[in-house]
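Let's take a walk through this fold together. Please have the sequence and the 3D view at hand as you read.

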Amino acid sequence: VQLQAFGGGLVQPGGSLRLSCAASGSIFSIDHMGWYRQAPGKQRELVAHVTNDGSTGYANSVKGRFTISRDNAKNTVYLQMDSLKPEDTAVYYCNVLQLRRSTWLPFGSWGQGTLVTVSS
């Protein structure tokens with residue numbers, strides 16, 4: 001599966017961005033999908049996931065501010081980010097997920113991420 005994330009940029013604190021991730025090479029509708037981010041000097045972390053039946057989950061750090069969604073007709077997963085904070089600054093990636101022993105793990109190869117910078 002090939003994944004490409006886009007939509008990042010520079011935004012002021014309190015602002016919003018919408019990221020998109022286009023997938024190809026798989027049967028997208030049966031995939032569970034997730035958005036990860038990696039800030040400078042930190043490990044990559046899963047911030048949101050959406051299952052193939054539309055159930056969603058979020059990391060505590062973004063709950064109530066970020067919304068993940070998917071459009072199976074377009075093979076695309078989205079991340080709406082509102083009330084952005086400087087600590088949201090990171091490179092954002094999407095990936096296919098597998099659930100292993102109650103833990104979501106990345107399954108596909110990492111595509112090109114998109115940089116989000118939150119700064120005044």
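Predicted model: local features only at pLDDT ≥ 70, side-chain atom pairs only at ≥ 80, totals over all residues.

Let's look at how β3 is held on its two sides. Strand β1 (residues 2-6) runs antiparallel to β3, and five bridges join the two. You can follow this pairing through glutamine 2, which stands opposite serine 24 in β3, and through alanine 5, which stands opposite cysteine 21. Strand β8 (residues 76-81) is also antiparallel to β3, joined to β3 by six bridges. Here serine 20 has tyrosine 78 of β8 as its bridge partner.

Because cysteine 21 belongs to strand β3 (residues 17-24) and cysteine 94 to strand β9 (residues 90-100), the pair ties together parts that are 73 residues apart in sequence. Are its two ends buried or exposed? Cysteine 21 counts as buried, since its relative accessibility is 0%. Cysteine 94 is buried too, with a relative accessible area of 3%.

From here, turn to the nonpolar interior. In soluble globular proteins, nonpolar side chains tend to be buried together. The largest nonpolar core of this model has 28 residues, and Trp35, Val77, Leu79, Met81 and Tyr92 have the most contacts inside it. Strands β1, β3, β4 (32-38), β5, β7, β8, β9 and β11 (114-118) each supply at least two residues of this core.

Next, find histidine 49, which is located in strand β5 (residues 45-50). This histidine has a relative accessible area of 16%, so it counts as buried. Its side chain makes a polar contact with the side chain of tryptophan 104, at 3.3 Å. Leaving aside residues up to four places away in sequence, histidine 49 touches Met33, Gly34, Ser55, Thr56, Gly57, Ile68, Leu97 and Trp104.

Finish with a residue in another setting. Asparagine 60 lies in the loop between β6 (56-58) and β7. Is asparagine 60 buried or exposed? At 69% relative accessibility, asparagine 60 is exposed. The side chain of asparagine 60 reaches a polar contact of 3.2 Å with the side chain of lysine 63. For a sense of distance, compare the positions of asparagine 60 and arginine 101: they are 41 residues apart along the chain, and their C-alpha atoms are separated by 20 Å.

Technical notes
Residues numbered from 1 in each chain as written. Heavy atoms only, no water. Helix = DSSP H or I, 4+ residues; strand = E, 2+ residues; numbered from the N terminus. Buried < 20%, exposed > 50% of the residue type's maximum accessible area, 1.4 Å probe, protein only. Pairing = 2+ DSSP bridges. Polar contact = N/O pair within 3.5 Å; in protein donor to acceptor, adjacent residues only side chain to side chain. Contact = heavy atoms within 4.5 Å. Core = buried A, V, L, I, M, F, W, Y, C linked by side-chain atoms within 4.5 Å.
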